Structures are given as structure tokens and as C-alpha cells.
Amino acid sequence: DTEGLLRIKEENQKHYRRAQRHQEKKEKIQKHNRKLGDLVEKKTYELKTQYEHLAKLRRTHILELTSVIFPIEEVKTSMRDPADVSSESDNAMTSSTVSKLAEARRTTYLSGRWVCDDHNGDTSISITGPWIILPNNGDYSAYYNWVEEKKTTQGPDMEHNNPAHTISAALCYATQLVNTLSLILDVNLPKKLCNRQVKTQQGNHEFCGENLSRHRFTRAVKKLNANILHLCFSQHVNLDLLHPLHTLRNLMYLVSPDTENLGR
């Protein structure tokens with residue numbers, strides 16, 4: 001029993017010495033972890049500072065791009081409310097008729113259904129100049145109506161101020177701007193839209209090439225609107241301001257100097 005007790009004491013001493021070595025290793029590891037933690041915190045702060053600096057650079061480039069090359073502005077129209085005009089011509093008109101006319105003015109027949117749009121008839125959005133505008137309510141039917149009419153009408157097109165031309169040009173500029181913004185912001189777009197002046201295996205680039213059919217045109221517009229909304233979401237644009245059909249208006253909110261997170 002005495003010999004067994006001595007062996008147990010020797011083993012306990014070995015375990016005690018081993019425990020001391022483990023404790024020293026533990027303290028070294030904890031010290032090393034504290035150093036790494038301080039280093040990570042320092043690097044995180046430096047990275048955050050670099051991100052903020054990069055965001056400011058991106059914001060500066062975007063504001064220069066949209067002020068010099070792609071200015072987007074709201075163009076006021078001089079159209080009068082039909083309710084006001086009718087009430088002036090008929091003093092006996094009831095208030096219910098006036099309200100119905102005002103409601104009709106805020107309603108647009110778009111792609112086979114009636115859409116309520118408070119901005120209808122009041123404003124348009126221009127890009128690169130006041131003469132290149134898009135309807136604020138997203139109704140681009142003038143384009144494919146003109147294309148269908150061209151199929152049945154022979155001869156050269158002399159209508160230089162045709163709204164279909166301005167719609168096509170505005171959408172082409174919007175595509176160019178969106179593709180450039182995706183490069184500056186380093187955000188991958190969900191839909192691919194080509195805006196180069198060359199032919200590809202898929203055909204001409206959208207909007208500025210050959211006249212598109214109604215199906216191809218509406219599909220390209222949907223892809224463009226999806227890309228714009230994706231950029232707006234990435235920059236935390238206020239969702240209450242966005243509308244899935246308002247192409248240039250959404251872009252205007254995206255690149256506005258009031259967008260706090262632009263460049264993130």
C-alpha cells in the first residue's frame with residue numbers, strides 16, 4: 001500500500017507539472033488572441049475608413065457623370081387639368097363630375113389594364129437634355145404603335161420629333177447610364193442589356209438598333225427597370241419613392257445628392 005501511495009503521488013506531481021505547462025500555454029494563447037483581436041479591430045477600422053473614402057469617390061464620380069454627361073431632370077408640362085377647363089366652361093357642373101374628371105386624369109390605360117398614376121400629365125423626366133424625355137407613368141406604347149404603323153406605311157420617315165424616337169433615345173441613354181453605374185458601384189446587374197454600337201451574336205443592342213417588336217421592346221424595358229431597381233436597392237433608396245414602371249424617375253432618385261447611401 002505504501003509503494004502504491006508513492007506511485008500515485010509521483011503521478012500526481014507529473015500531472016501537476018503538466019497542468020502548469022498547460023496553464024502557461026493557455027496564458028500565451030490568450031495573450032496572442034488579445035493581440036490578434038487588437039489587430040483585427042485596427043484593420044476593421046482602417047477598412048471601414050477605406051470604404052467610406054471609396055464611397056465618397058464613387059459618389060463624386062456619379063454626381064459628375066449625372067451632371068455633365070447624363071443629367072436627369074423633371075420637366076414640367078403645361079397641360080391643364082381637364083376638370084379645371086370643364087368647370088370653367090360649364091359653371092353648372094356638379095362637384096361629383098369634377099372629381100370624376102380629376103380621377104380620370106390620374107388614370108392611364110397601360111398594357112391592357114387601367115393604372116392609377118398621380119403624376120400623369122403633370123411631368124416628364126428628361127435625360128441628357130430637355131428634348132429627350134420619357135412619360136412619367138411608364139406608358140411607352142407610342143414606340144411600338146409607331147413601329148406597327150411603319151410596317152404598313154411605305155416611304156421615308158420624316159417625323160424627326162416622333163415621340164417614338166425620343167423614347168428610344170431616352171431608354172438607350174438610360175441603359176448606358178445604368179451599365180456605367182454598375183461599374184462605378186461594383187454591383188452586378190441581374191439582367192444583361194447591351195448598349196454598344198456593334199452587332200453581337202444576339203443581334204443589335206437594345207433600343208438604339210433596329211425597330212423592336214412590341215414583345216422585344218417590353219421585355220427590354222422590363223430588364224432595364226429590373227436593373228434600375230436592383231441598383232436602388234443596393235444603395236438603400238427609400239422604397240416609398242420607387243415605382244416598378246417609372247424608369248427615369250427611379251434613376252433620378254438613385255443618383256440624387258439627397259441619397260445618403262449613394263456609393264456604399
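1. Start with strand E4, residues 123–127: it is mostly covered, with five of its five residues buried. Buried here means under 20% relative accessible area, exposed over 50%, and partly exposed in between (1.4 Å probe, protein chains only). Strands (E, at least two residues) and helices (H or I, at least four) are DSSP runs numbered from the N terminus.

2. A word on the source: this is a predicted model, where local features need pLDDT of at least 70, side-chain atom pairs count only at pLDDT 80 or more, and totals for chains, interfaces and linings use all residues. Residues are numbered from 1 along each chain as its sequence is written, and side-chain values use heavy atoms, leaving out hydrogens and water.

3. Back to E4: Thr123, Ile125 and Ile127 point one way, Ser124 and Ser126 the other.

4. E4 has neighbours to look at. Strand E1 (residues 72–76) pairs with E4 in the antiparallel sense over five bridges; pairing takes at least two DSSP bridges between the strands. Strand E5 (residues 133–135) also runs antiparallel to E4, joined by three bridges. Ile125 is the bridge partner of Glu74 and stands opposite Leu134 in E5.

5. Now the rings. The whole structure holds two aromatic pairs (Phe, Tyr or Trp six-membered ring centres within 6.5 Å; planes under 30 degrees apart are stacked, over 60 edge-to-face, the rest tilted). Phe70 and Tyr173 sit edge-to-face, 6.4 Å centre to centre with 65° between the planes.
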